[in-house]
Amino acid sequence: MAWKRNDEESLQSADEVKRQKRIKLAIYIGIFIVFQIIVITTMSLTVMKVKTPKVRLGNINVQDLNSIPATSSFDTKFTTQIRVKNTNFGPYKYDAGIVTFLYQGATVGQVSIPKSKAGMLSTKKVDVEVSLSSSALSSSNLGSELSSEVLILNSAATLTGKVELMFIMKKKKSSTMDCTIAFDLSSKTVKSLQCK
């Protein structure tokens with residue numbers, strides 16, 4: 001009888017050990033699933049979030065700047081960098097675009113941006129030479145502005161492209177530029193450059 005009771009107890013204890021192992025396994029699987037959910041949520045909220053790249057003008061190096069207040073005319077030549085800043089965890093491939101320089105809404109010059117790619121978390125810099133002229137303008141305010149020794153121009157551009165994430169996801173994004181440039185006509189330099 002004692003021998004039979006020992007067998008039953010050992011069978012019960014073996015079943016109990018198996019049950020405990022199954023419970024541990026279920027707990028480990030549950031912890032792993034919760035960990036995976038946390039990792040996926042963190043990735044989707046940070047890495048996989050696509051931000052709009054920024055297009056800006058860099059420092060302007062004036063080569064030539066002529067203004068004649070009496071005839072309400074100006075022409076200038078300068079070099080600058082067009083900077084496409086990509087803050088995403090994947091490259092931004094954009095199509096060719098045009099930067100338009102404006103005086104009170106009227107075009108005074110344009111420069112093209114070639115099709116290219118801004119790498120992951122980097123800034124693509126494109127050196128350009130810009131020539132602007134007031135020959136196409138018919139504004140009467142230009143003469144008084146030139147007399148004040150400050151010429152204010154705007155630059156605008158839109159780049160369209162795709163941000164590629166993890167080699168599988170592509171999101172279309174359009175970057176816009178809206179900069180205001182103030183030229184000091186007496187010193188023939190740039191007084192200020194502000195981009196939004």
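Start by selecting Lys77 and Glu129: their side chains form a salt bridge, with the closest N and O atoms 3.8 Å apart. Colour by secondary structure and you'll find Lys77 in strand E3 (residues 73–86) and Glu129 in strand E8 (residues 122–133), so this pair links distant parts of the chain, 52 residues apart. Keep in mind as you go that this is a predicted model.

Now put a surface on the pair. Are these two buried or exposed, or something in between? Lys77 has 34% relative accessibility, so it counts as partly exposed. Glu129 is also in the partly exposed class, at 47%.

Next, select Glu164 and Lys93. Here is another salt bridge, at 3.8 Å from N to O. Glu164 belongs to strand E9 (residues 150–165) and Lys93 to strand E4 (residues 92–94), so the bridge ties together parts that are 71 residues apart in sequence. Check the surface again on each partner. Glu164 counts as buried because its relative accessibility is 14%, and the cut-off for buried is under 20%. Lys93, on the other hand, is partly exposed, with a relative accessible area of 43%.

How many salt bridges does the count come to? The answer is 3, and one is still to visit. Move to helix H1 and pick out Arg19 and Glu16. Their closest N and O atoms are 3.1 Å apart, forming a salt bridge. Both residues sit in helix H1, 3 residues apart, which is about one turn of the helix. Arg19 is partly exposed at 44% relative accessible area, and Glu16 is partly exposed too, at 38%. As a general point, side chains of opposite charge can pair when their charged atoms come close.

Where does Ile29 sit? Its place is in helix H1, which covers residues 2–45. With 45% relative accessibility, Ile29 counts as partly exposed, because that class lies between the 20% and 50% cut-offs.

To finish, keep Ile29 and Arg19 selected together: Ile29 is in helix H1, and Arg19 lies in helix H1 as well.

Conventions
Residues are numbered from 1 along each chain as its sequence is written. This is a predicted model: local features need pLDDT of at least 70, side-chain atom pairs count only at pLDDT 80 or more; totals for chains, interfaces and linings use all residues. Side-chain values use heavy atoms; hydrogens and water are left out. Helices (H or I, at least four residues) and strands (E, at least two) are DSSP runs, numbered from the N terminus. Buried means under 20% relative accessible area, exposed over 50%, partly exposed in between (1.4 Å probe, protein chains only). A salt bridge is a side-chain nitrogen of Lys or Arg within 4 Å of a carboxyl oxygen of Asp or Glu.
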